[in-house]
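Please look over the model shown below before reading on.

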Amino acid sequence: KKIGVKVTGTNEVEGGYSIVKYEKSEGNLLVIGQEKLEGITFTLLSLGEETNELGESYRVDGIIGADIMKRFTFGIDFDSSQLTLYGKEMPYSTEGYAEIPFRHTGDYFPRIQIKTTFTNGEELSGEVFFDLGAVNTLLFNTPFAQTQEIVKKAPTHVLRPANDVSGEETFHEVIRLKTLSIAGYDMHTLPVDISTSTHGVSGYP
């Protein structure tokens, strides 16, 4: 409303918990840096304020989804808070980086292959959702964690409060992982979460 976006109809959006109906605005021009994208449909919703891991509040004015980002090759520098977009035909350098293949089937997240080594020496390998917006190092969803008895693979664990996508209060069990391996890179002694929620992606079978 503040920038004069006109509502042209409604749109059903499938999220992690349910299908929600939102207002939409069609035929918009979206400018990102030097790139101009025409005929873009916006989904309109009030995001309100969010809170970061330090308890600080901030306002989110919008979310750019995969239907926009898939038009580019892009890089994210978390240290400098910089997002760099490259057109499909623009040259870019991957020097100092490893290209990691992923699988995307059109649902919520792309998938990558990882290997986990637990403190008891056990290993598990498989495909995981890659979620740039997650605040966890790694989250084991509830059905998988129960089937694999993940919490028993570490000598100790702690509990921390959490909220599932339905807004209900729940908790995560947190254990320390010996090694997380991705594309030949090994990261050691990492805290990882184990979900107990039955809703949304965390309850995905």
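A residue counts as buried when its relative accessible area is under 20%, as exposed when that area is over 50%, and as partly exposed in between. In this predicted model, Phe140 has a relative accessibility of 7% and therefore counts as buried, because this value is under 20%.

| Residue | Relative accessible area | Class |
|---|---|---|
| Phe140 | 7% | buried |

The search of the whole structure finds 2 aromatic pairs, and in one of them Phe140 and Phe144 are stacked, with 6.1 Å from centre to centre and 10° between the planes. Ring pairs link Phe140 and Phe144 with Phe118 into a cluster, and the face of Phe118 has Lys153 lying over it, at 5.9 Å from the ring centre.

Of its 205 residues, 23% count as buried, a class to which Phe140 belongs. Where contacts join residues at least 6 apart in the sequence of the protein chain, 36% of them join residues at least 24 apart. The protein chain exposes about 14,700 Å², and carbon and sulfur atoms supply 51% of this area.

Technical notes:
Residues are numbered from 1 along each chain as its sequence is written. This is a predicted model: local features need pLDDT of at least 70, side-chain atom pairs count only at pLDDT 80 or more; totals for chains, interfaces and linings use all residues. Side-chain values use heavy atoms; hydrogens and water are left out. Buried means under 20% relative accessible area, exposed over 50%, partly exposed in between (1.4 Å probe, protein chains only). Contact means heavy atoms within 4.5 Å. Accessible areas come from the Shrake-Rupley method with a 1.4 Å probe; for residues, only the protein chains shown count as cover. Rings of Phe, Tyr and Trp (its six-membered ring) pair if their centres lie within 6.5 Å; planes under 30 degrees apart count as stacked, over 60 as edge-to-face and the rest as tilted. A charge sits over a ring if NZ of Lys or CZ of Arg is within 6 Å of the ring centre and within 35 degrees of the ring normal.
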